[in-house]
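Dear colleague,

Please find below the sequence and structure that I am handing over to you. My notes on what was found follow directly after it.

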Amino acid sequence: MKVILILFMCMVVMACGKKGPHHPDKWGALVACQDSVKNRLKNPRSADFDSPSDASITEVKKVKMGTGYHTTYQVLGFVYAQNSFGGVVRNKYGCNVLGKTQEQGYPKWTTYNVVIN
């Protein structure tokens, strides 16, 4: 009886440890876009983005690929950052982000069409 109980407990623990792939979501797209925006600023360390709930994140296209997805998002928002003169200005930013499900781990993100006004 003890052996069966131990085997059962081992199976439960092993089942809990298995996790499938993570699929692209809008919050991952937001982070990927904001990282790309930061890299294009004069002073990336000064970047202060509006609240995530204030950003506009739209799923543009979602394609099923095997057990995963290729999902494209459009992200729009505002960032406060220092300009070349050291003054803090509010800029509007936007980008398109493609998220691809990976077999293991988190999605792979590709950011393109990054615009900062």
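Accessible areas here come from the Shrake-Rupley method with a 1.4 Å probe. On that basis, the protein exposes about 8,300 Å², of which carbon and sulfur atoms supply 56%. Please bear in mind that this is a predicted model.

Regarding the overall fold, the protein has 2 helices and 5 strands, and from the N terminus on the elements follow the order α-α-β-β-β-β-β. Of its 117 residues, 28% are buried. Among contacts between residues at least 6 apart in sequence, 52% join residues at least 24 apart.

The largest nonpolar core contains 18 residues, and those touching the most other members are Cys33, Val37, Val75, Val79, Tyr93 and Val97. At least two residues of this core come from each of α2 (26–40), β3 (68–82) and β4 (88–100). The greatest contribution is that of α2, with 5 residues. Val75 deserves a separate note: leaving aside neighbours within four places in sequence, Val75 is in contact with Ala29, Leu30, Cys33, Ser56, Ile57, Tyr93, Gly94, Cys95 and Val97.

The largest cavity has a volume of about 40 Å³. Its lining consists of Gln34, Phe49, Asp50, Ser51, Asp54, Ala55, Gly77, Phe78 and Tyr93, which divide into 4 nonpolar, 3 polar and 2 charged residues.

With kind regards

How values were computed. Residues numbered from 1 in each chain as written. Predicted model: local features only at pLDDT ≥ 70, side-chain atom pairs only at ≥ 80, totals over all residues. Heavy atoms only, no water. Core = buried A, V, L, I, M, F, W, Y, C linked by side-chain atoms within 4.5 Å. Buried < 20%, exposed > 50% of the residue type's maximum accessible area, 1.4 Å probe, protein only. Helix = DSSP H or I, 4+ residues; strand = E, 2+ residues; numbered from the N terminus. Contact = heavy atoms within 4.5 Å. 1 Å grid on protein atoms, 1.4 Å probe; cavity = no way out; pocket = protein on both sides within 12 Å on 5 of 7 lines; lining within 4 Å. Points joined across faces, edges and corners; volume = space filled by probe spheres on them. Nonpolar A, V, L, I, M, F, W, Y, C, P; charged D, E, K, R; others polar.
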